[in-house]
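Please have the sequence and the coordinates open while reading.

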Amino acid sequence: MKDFFKMMFASALGFIIASFIFSLISMLIMFAMMGSIMGSFGKQESFVLQNNSVLNLRLEGAIQERIAESDPFTDLVGGVPSAIGMNDIIGAIRKAKNNDKIKGIYLDTRLFAASTATLAEIRQELEDFKKSGKFIVAYADTYTQNGYYLASVADKVAINPQGMLDVHGIASVPLFYKDALQKLGVEMQLFKVGTYKSFAEPFTQTEMSEANREQVNSFITDIWNTMKTDMAASRNMETMQIDSIANQFPMLRKTDFLLSRNLVDTVLYESEMKNYVRELLGIDTDTKIPSATVAEMKSVKTPAIRKSTNSIALLYATGGIASGNRPNGIQDKYFVNEIEKLRKDDDIKAVVFRINSGGGSAYASEQIWKAISDLKSEKPVVVSMGDMAASGGYYIACNADKIVAQPTTITGSIGIFGMFPNFSGTLDKLGIDTDVVKTNEFSDFGDVSRAFNAQEAAMMQAYVDSGYDLFLTRCAEGRGMPKDSLAKYAEGRVWTGNQAKEIGLVDELGGVDEAIRIAAEMANLGKSYAVFEYPRIRSPFEEIFSKDKEELAAKTLKSYLGESYDKFMFLKNLKDQDYIQARIPYELNIK
């Protein structure tokens with residue numbers, strides 16, 4: 001017994017000593033980390049723009065509407081997807097145009113993801129930059145088609161002697177899951193209004209319907225016409241020459257072909273290209289080229305802008321539309337609250353509603369529509385359409401005072417649908433039976449273990465028909481068009497911004513700047529006003545320590561699932577009873 005107490009005492013003492021040592025080590029590690037963080041704060045020197053500099057416009061990763069400001073804690077947690085904000089790119093180009101220390105732009109396009117409407121915003125800014133008389137040069141080892149669309153603006157386009165350049169036109173290659181679902185015993189029950197409403201086709205068919213094929217051919221042809229017209233104009237070519245080149249697939253051609261077809265001006269290695277830039281700047285070949293990145297240009301000072309009694313709010317709405325009260329995506333309660341704040345703010349004289357959405361919940365879209373109606377009754381509201389503002393995205397845009405879109409914006413798709421899975425076949429395959437006891441006729445309505453009966457299906461279709469009629473009414477009233485006239489352009493049909501302007505779904509073609517100009521004019525602000533962005537976006541560090549764990553989980557999931565994230569969220573929303581959807585397909589599959 002005596003030995004037992006000795007052993008117990010020794011073990012307890014050892015545990016206490018070990019715990020103390022572990023705690024001490026943990027504290028030392030924590031202090032070391034804090035020291036490193038504080039050191040990063042201390043070591044961060046503000047960027048100083050040098051004379052005779054170039055803006056190094058390096059594009060890679062995903063180009064989004066806007067991204068959160070970085071902070072010293074971000075690197076510690078990792079996992080933050082590579083992205084760059086379109087607003088930061090445009091801001092950097094504008095600063096470069098107006099700053100005498102910047103002599104030109106070095107455009108370095110790598111592998112990046114952006115829609116044609118986003119590209120159009122950046123390209124227009126580059127065109128405007130050239131009016132300053134400063135140079136733009138472009139260089140790449142490999143030009144993607146999107147990269148070349150931007151690079152064609154440059155005064156000189158150079159490529160590596162072993163480089164590649166892709167101009168191939170546009171194709172849409174959707175995937176169809178009907179047969180795969182059938183093998184799993186899953187049937188998708190569809191209720192829709194709109195001949196062209198093609199969202200559910202991948203789940204219910206094995207190929208495009210003729211109506212869908214017609215609309216896809218129409219909008220990708222219009223997008224390509226815009227792109228090739230812009231490229232041809234910049235390179236002093238005819239549009240038919242661009243088509244001819246695309247049909248020869250220059251991606252697999254040698255650089256001699258690229259030179260002979262006037263796609264590029266010169267063939268240089270990167271070191272030679274940098275020497276050419278040194279010549280433009282008038283500096284020695286051994287001198288480092290003074291430059292500034294997009295991130296560094298954010299710290300370059302401009303005249304301070306303070307909120308005044310003449311302010312315009314730029315309200316961003318990006319992502320799928322759903323019911324909820326969180327800042328991720330476009331959740332109705334959250335956005336209604338944001339819109340109400342702007343309505344009540346007397347300093348805000350006009351609102352530019354920047355929409356980049358393919359839609360989502362029809363119910364949530366209606367709530368945001370009402371909030372915009374209330375806002376519009378007190379101050380001008382101008383919609384600026386980004387990559388897309390279609391289906392539910394058009395629903396929340398239709399009643400603005402003015403709508404501005406890029407020529408290649410995807411819009412329209414006025415139509416709704418409901419889609420419900422029936423897993424009875426899956427249960428049969430697994431040998432699982434179900435039964436039901438209910439108090440009323442429709443107590444088990446929506447049970448996924450069986451198909452809708454005839455009465456339920458008729459009720460469901462009537463409900464969808466009613467939702468479509470409301471959507472059509474909202475759009476007709478918002479656009480000031482007879483309902484029967486608008487109906488000809490509805491039916492779920494997708495249009496480009498070019499086409500939408502011709503049929504009256506949008507008012508003007510242009511980007512955010514054009515929308516802001518129109519809003520200022522409508523509010524009689526002249527040129528004396530400030531623009532502020534809403535809602536405020538949180539840094540990655542703020543998101544990690546936010547109480548809103550679901551939002552953090554959503555962002556993390558999106559970084560892993562990529563384009564499949566929208567499919568996942570659609571199924572989640574079905575579970576949460578957002579059965580009736582006003583949205584375009586998850587992926588337009590434009591390549």
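Does Trp-495 count as buried or exposed? At 12% relative accessibility, Trp-495 counts as buried, since the cut-off for that class is under 20%. The model is predicted, and the sections below take its features in turn.

## Aromatic pairs

A search of the whole structure finds nine aromatic pairs. One of them joins Tyr-177 and Phe-203: the ring centres are 5.6 Å apart and the planes lie at 40°, so this pair is tilted. Tyr-177 is in the loop between β5 (156–165) and α6 (178–183), while Phe-203 belongs to helix α7 (residues 201–204), so the pair ties together parts 26 residues apart in sequence. Tyr-177 is partly exposed at 25% relative accessibility, whereas Phe-203 is buried at 16%.

Trp-495 pairs with Tyr-489. Their ring centres are 6.3 Å apart with planes at 75°, so the arrangement is edge-to-face. Tyr-489 has a relative accessible area of 23% and is partly exposed, while Trp-495, at 12%, is buried. Elsewhere, Phe-191, Phe-420, Phe-445 and Phe-452 form one aromatic cluster.

## Charges over rings

Two arginines sit over aromatic faces. Arg-253 lies over the face of Phe-257, at 5.0 Å from the ring centre. For Arg-474, which lies over the face of Trp-369, the distance to the ring centre is 3.8 Å.

## Helix packing

Helix α3 (residues 86–98) packs against helix α4 (residues 116–130) at an angle of about 5°, and the axes are 9 Å apart. That angle makes α3 roughly parallel to α4. On the α3 side the contact includes Met-86, Ile-89, Ile-90 and Ile-93; on the α4 side, Ile-122, Leu-126 and Phe-129 are among the residues met. By class, this contact has eight nonpolar, one polar and five charged residues, the charged ones including Arg-94 and Lys-97 in α3 and Glu-121 and Glu-125 in α4.

Helix α13 (residues 332–344) and helix α14 (residues 362–376) have axes that come within 9 Å and cross at roughly 0°. They are therefore roughly parallel to each other. Phe-335, Val-336, Ile-339 and Leu-342 are among the α13 residues in this contact, and α14 contributes residues including Tyr-363, Ile-368, Ile-372 and Leu-375. The residues of the contact divide into ten nonpolar, one polar and three charged.

## Helix α20 and the residue after it

Which residues of helix α20 (residues 512–522) are buried? They are Val-512, Ala-515, Ile-516, Ile-518, Ala-519 and Ala-520. An α-helix has 3.6 residues a turn, so residues three or four places apart point the same way. Residues 512, 515, 516 and 519 in that list can be read against this spacing.

Asn-524 follows α20 and lies in the loop between α20 and β20. Its phi is positive, near 55°. Asn-524 is exposed, with a relative accessible area of 68%.

## Other backbone geometry

Most residues other than glycine have a negative phi, and most peptide bonds are trans. Ser-391 has a positive phi of about 55° although it is not a glycine. Ser-391 is found in the loop between β14 (381–390) and α15 (392–395), and at 0% relative accessibility it counts as buried.

The peptide bond from Tyr-534 to Pro-535 is cis, with omega near -15°. Pro-535 is located in the loop between β20 (530–534) and α21 (540–544).

Methods:
Residues numbered from 1 in each chain as written. Predicted model: local features only at pLDDT ≥ 70, side-chain atom pairs only at ≥ 80, totals over all residues. Heavy atoms only, no water. Buried < 20%, exposed > 50% of the residue type's maximum accessible area, 1.4 Å probe, protein only. Helix = DSSP H or I, 4+ residues; strand = E, 2+ residues; numbered from the N terminus. Phe/Tyr/Trp six-rings, centres within 6.5 Å; stacked < 30°, edge-to-face > 60°. Lys NZ or Arg CZ within 6 Å of the ring centre and 35° of its normal. Axes fitted to C-alpha atoms, helices over the stretch in contact; angles between N-to-C directions. Parallel < 35°, antiparallel > 145°, perpendicular 65-115°, else oblique. Contact = heavy atoms within 4.5 Å.
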